[in-house]
Structure formats: structure tokens, C-alpha cells
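Try each task on the model yourself, then follow the worked solution.

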Amino acid sequence: MFYGLTLLILKDDTKSNNDKTKTEIQFSEILLGSSFDQEEDKYLVLYYDSSDKEIASSISSLISTYDSKNSQTPLYTVDMADGLNSRFVSENGNSSATKASEMAIKTPTLILFNNHAIGEYIEGYENISSRLS
């Protein structure tokens with residue numbers, strides 16, 4: 001009887017799922033610790049502090065602009081206000097880190113990873129804006 005009820009519930013749930021519209025994720029948020037570990041050979045990671053509302057709003061606009069260009073290079077974001085990322089915030093960034101534990105981020109920062117290594121390191125909103133626009 002339990003099996004029959006389960007099938008009946010799942011069948012009804014399947015019908016209701018058909019009415020849902022497909023959503024598209026504009027970008028992916030990751031933790032800093034996985035910065036060097038993404039699947040692609042070439043990707044961007046944008047590090048910013050979401051608690052700074054002005055910068056967060058500007059960063060959101062940059063991401064939308066970048067996404068609308070349908071760039072071939074994936075863009076990931078790291079929220080440095082997240083407790084798991086906040087220990088990497090620094091007054092001086094480390095552009096020569098070879099693994100996540102060596103990273104030091106002065107927000108906002110954009111890093112282009114090539115073959116899971118830092119290829120390009122850009123600090124400051126204006127510089128990031130120029131690179132993503």
C-alpha cells in the first residue's frame with residue numbers, strides 16, 4: 001500500500017512540474033577554497049564583499065553586462081562577506097598564489113584562471129569594469 005501511495009504522489013508531482021518555466025542561472029557563486037578547482041580550463045572569478053551595498057549593486061550590474069555578451073569564459077563569484085571566505089580578506093592581495101590557502105584578496109578583485117593557475121589578476125572596481133565591459 002505504501003508503494004502505491006508513493007507512486008500516486010510522484011505521478012501527481014510530475015504533472016505539476018510540467019507547468020514550471022525553465023530558469024537560467026546567470027552566474028555561479030562558489031567558495032574561495034574552490035577557486036583553483038573549477039571544471040573549465042579557463043574561467044573568471046570575481047571576489048567582492050556583498051555587505052558593501054554600493055559595490056555589490058555595481059558588481060551585479062557588471063555581471064549582467066558580462067552575461068548579456070554571452071562570453072565564452074565562465075564567470076564565478078565569491079562573496080568575501082561569507083564567513084568561510086572572510087579570512088582571506090586582506091589589505092594587500094596575493095597575485096602569485098598557487099593554491100587557495102595562499103590567497104589574500106583585496107576586494108573587489110577579478111582573477112582569470114588558466115589551467116587552474118592565476119593568469120590575470122585585477123584589483124579595483126574601475127579596472128574590473130574595464131575588463132568585463
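**Exercise 1.** Work out the handedness of the crossing between α2 and α3, and find which residues of the two helices meet.

Solution. 
- Step 1: Keep in mind that this is a predicted model. In it, α2 passes α3 in a left-handed crossing.
- Step 2: Look at the axes of α2 and α3, which lie 10 Å apart and pack at an angle of about 15°.
- Step 3: Angles under 35 degrees count as roughly parallel, and α2 and α3 are therefore roughly parallel to each other.
- Step 4: Now list the contacts. From α2 come I55, S58, I59, L62 and Y66, and they meet Y125, I128, S129 and L132 of α3.

**Exercise 2.** Decide which residues of α3 are buried and what covers them.

Solution. 
- Step 1: Buried means under 20% relative accessible area. Within α3, residues 125-132, the buried residues are I128, S129 and L132.
- Step 2: These residues span an arc of only 100° around the axis, so they sit on the same side of α3.
- Step 3: Finally, see what lies over the buried residues of α3: the cover includes β2, α2 (53-68), β4 and β5.

**Exercise 3.** Find the residues that touch the most other members of the largest nonpolar core, and name the strand that gives the most to this core.

Solution. 
- Step 1: The largest nonpolar core has 18 residues, and L32, V45, Y47, M103, I105, I111 and F113 touch the most other members.
- Step 2: Check the strands. At least two residues of this core come from each of β2 (42-48), β3 (75-79), β4 (109-114) and β5 (117-123).
- Step 3: With 3 residues, β2 gives the most to this core.
- Step 4: Zoom in on L32. Setting aside neighbours within four places in sequence, L32 is in contact with Y47, V78, M80, N85, F88, A100, M103 and I105.
- Step 5: Another core, of 14 residues, lies apart from the largest one; L46, A56, I122 and I128 are among its members.
- Step 6: As general background, nonpolar side chains tend to be buried together in soluble globular proteins.

**Exercise 4.** Describe the backbone at P108, N115 and H116, and say where each of these residues lies.

Solution. 
- Step 1: T107 and P108 are joined by a cis peptide bond, with omega about -10°. P108 belongs to the loop between β3 and β4.
- Step 2: N115 is not a glycine, but its phi is positive, near 50°. The loop between β4 and β5 holds N115, which is exposed at a relative accessible area of 57%.
- Step 3: H116, also not a glycine, has a positive phi of about 65°. H116 is found in the loop between β4 and β5 and counts as partly exposed at 29% relative accessibility.

**Exercise 5.** Locate G124 and find how far its C-alpha atom is from that of K106.

Solution. 
- Step 1: Look in the loop between β5 and α3, where G124 is found.
- Step 2: G124 has 27% relative accessibility, so it counts as partly exposed.
- Step 3: G124 and K106 are 18 residues apart along the chain, and their C-alpha atoms are separated by 8.3 Å.

Definitions and conventions: Residues are numbered from 1 along each chain as its sequence is written. This is a predicted model: local features need pLDDT of at least 70, side-chain atom pairs count only at pLDDT 80 or more; totals for chains, interfaces and linings use all residues. Side-chain values use heavy atoms; hydrogens and water are left out. A nonpolar core is a set of buried Ala, Val, Leu, Ile, Met, Phe, Trp, Tyr and Cys residues joined through side-chain atoms within 4.5 Å. Buried means under 20% relative accessible area, exposed over 50%, partly exposed in between (1.4 Å probe, protein chains only). Helices (H or I, at least four residues) and strands (E, at least two) are DSSP runs, numbered from the N terminus. Contact means heavy atoms within 4.5 Å. The arc is that of the directions from the helix axis to the C-beta atoms. Axes are lines fitted to C-alpha atoms, for helices over the stretch in contact, and angles run from 0 to 180 degrees between N-to-C directions. Angles under 35 degrees count as roughly parallel, over 145 as roughly antiparallel, 65 to 115 as roughly perpendicular and the rest as oblique. A crossing is left-handed if the near helix is turned anticlockwise from the far one by less than a right angle, and right-handed if clockwise.
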